[in-house]
Amino acid sequence: LEELYSKDLHAVIQKDINMQFASGNYSGPDKRPYWTSTARKINNNIANAMYLTNTSQGYQNSLTVQLARNVRSGFGGSIAYTWTVAKDVTSNPGSTAASAWSSNTVVSYLNNPELGNSNFAVPHRLVGYLSYRFEWLRHLATTFSLCYTGQAQGRASWIYSNDMNGDGYSSDMMYIPNSASEIKFADHSYRFTDASGSHNVTVTAAEQAAAFDELLNSNKYLKKHKGKYAGRFGYVEPWHNKWDFKVMQDIFTNFGTSRRFTLQASLDIINVGNLLNKKWGAYKSMASQSYDNLRPLTYVRTEGGEPVFRL
């Protein structure tokens with residue numbers, strides 16, 4: 001049994017000190033702040049004025065329970081479960097101070113990000129192995145090992161696909177409505193070409209609302225958090241099971257001395273279950289995902305103080 005806890009004392013965080021405070025707040029169920037294009041910057045001649053500072057917000061905690069059997073009569077193995085929670089205000093998703101700051105997802109203000117899940121914290125993980133070793137012909141030993149890893153594939157954030165609040169950055173966490181009727185949709189027209197020619201298509205606001213309702217009720221995270229803002233990396237991606245198989249062949253001798261000399265060859269078959277069944281060990285991901293962000297809604301305009309979207 002092992003528990004590890006750590007607390008951030010001086011974690012790095014970025015701020016753009018050339019960014020203005022918000023111009024106002026939306027009306028309706030989503031009352032987050034918004035910016036106007038003419039009031040985003042303090043000095044419009046400067047793009048960003050990045051300031052690196054520190055924060056004490058954030059912590060990490062993991063608990064592991066393990067059962068192990070030492071090799072006896074050739075058999076050995078172990079199984080372990082780890083529960084992890086990690087919170088931070090930014091996972092620093094960028095290669096420079098400006099990109100790490102602007103790519104961080106928030107509800108309100110990029111210069112004051114909310115405490116949320118760390119991108120790198122897999123909440124549950126199960127690992128185990130079973131091995132058998134036997135010696136034969138006095139100079140040979142063969143070991144068979146089967147290893148298992150089960151865990152979520154990672155985390156993702158539900159955000160809007162473009163700049164929803166007008167601050168100039170597409171980093172806005174999604175408000176999860178109680179139903180699609182709580183937010184406004186706009187008709188969406190587009191053109192596509194197939195073998196039969198070009199076609200004009202219009203998807204009505206009502207059709208988009210019906211499809212979005214299906215999403216709200218079919219995704220466990222969205223269904224559980226209706227009426228709330230999505231949390232940074234709140235969505236846990238599907239569970240993934242993986243089996244690996246290993247064979248090791250030892251050739252050993254002491255050449256007449258008291259020491260044993262060994263030559264070893266090994267064969268590893270990674271994700272061996274997938275060779276037996278194409279559905280086993282298969283990864284799953286959402287087509288709308290981009291850099292760990294899920295983006296089902298696009299901001300179109302504002303009407304009566306409320307944002308309007310298309311699916």
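Student: What is the relative accessible area of Phe75?

Tutor: This is a predicted model: local features need pLDDT of at least 70, side-chain atom pairs count only at pLDDT 80 or more, and totals for chains, interfaces and linings use all residues. Residues are numbered from 1 along each chain as its sequence is written, and side-chain values use heavy atoms, with hydrogens and water left out. Buried means under 20% relative accessible area, exposed over 50%, and partly exposed in between (1.4 Å probe, protein chains only). Phe75 is partly exposed, because its relative accessible area is 41%.

Student: How many aromatic pairs does the count come to?

Tutor: Rings of Phe, Tyr and Trp (its six-membered ring) pair if their centres lie within 6.5 Å; planes under 30 degrees apart are stacked, over 60 edge-to-face, and the rest tilted. By this rule the number of aromatic pairs is 17.

Student: What is the angle between the planes of Phe75 and Tyr132?

Tutor: Phe75 and Tyr132 form an aromatic pair, 4.5 Å centre to centre. The pair is tilted, and the angle is 35 degrees.

Student: How many residues apart in sequence are the parts that Phe75 and Tyr132 tie together?

Tutor: Strands (E, at least two residues) and helices (H or I, at least four) are DSSP runs, numbered from the N terminus. Phe75 lies in strand 7 (residues 75–88), and Tyr132 in strand 9 (residues 124–136). The pair therefore ties together parts whose separation in sequence is 57 residues.

Student: Is the pair of Tyr160 and Phe309 stacked or edge-to-face?

Tutor: The ring centres of Tyr160 and Phe309 are 4.9 Å apart. Their planes are at 10 degrees, so the pair is stacked.

Student: In which strands do Tyr160 and Phe309 lie?

Tutor: The pair of Tyr160 and Phe309 ties together parts that are 149 residues apart in sequence, because the two rings sit in separate strands. Both residues are buried. Tyr160 is in strand 11, and Phe309 is in strand 22.

Student: Which residues have the most contacts inside the largest nonpolar core?

Tutor: A nonpolar core is a set of buried Ala, Val, Leu, Ile, Met, Phe, Trp, Tyr and Cys residues joined through side-chain atoms within 4.5 Å. The largest one has 25 residues. Those with the most contacts inside it are Trp158, Met174, Phe212 and Leu297.

Student: Which element gives the most to this core?

Tutor: Strand 11, strand 12 (175–176), helix 2 (205–218), helix 3 (220–224) and strand 21 each give two or more residues to the core. The top contributor gives 4 residues, and it is strand 11.

Student: How many residues does the second, separate core have?

Tutor: Met19, Trp101, Leu110 and Tyr169 are included in this second core. Its residue count is 7.

Student: Which residues are closest to the centre of the largest pocket?

Tutor: On a 1 Å grid over the protein atoms alone, a pocket is an open set of points with protein on both sides within 12 Å along at least five of seven lines; in a cavity, a 1.4 Å probe fits but cannot get out, and lining residues have an atom within 4 Å of a point. The largest pocket has a volume of about 400 Å³, where volume is the space filled by probe spheres set on points joined across faces, edges and corners. Of its 22 lining residues, the closest to the centre are Pro93, Ser103, Ser290, Tyr291 and Asn293.

Student: Which element gives the most to the lining of the largest pocket?

Tutor: Strand 11 (155–160) and strand 21 are the elements that give two or more residues to that lining. The greatest contribution is 3 residues, from strand 11.

Student: What is the C-alpha distance in space between Tyr291 and Ser103?

Tutor: Tyr291 is found in the loop between strand 20 (289–290) and strand 21 (293–303). Tyr291 is exposed because its relative accessible area is 77%. Tyr291 and Ser103 are 188 residues apart in sequence, and their C-alpha distance is 9.5 Å.

Student: Which strand gives the largest share of the lining of the largest cavity?

Tutor: The structure holds 2 cavities of 30 Å³ or more. The largest holds about 90 Å³ of space, and the residues lining it include Tyr160, Leu297 and Phe309. The largest share of the lining, 3 residues, comes from strand 22 (residues 306–310).
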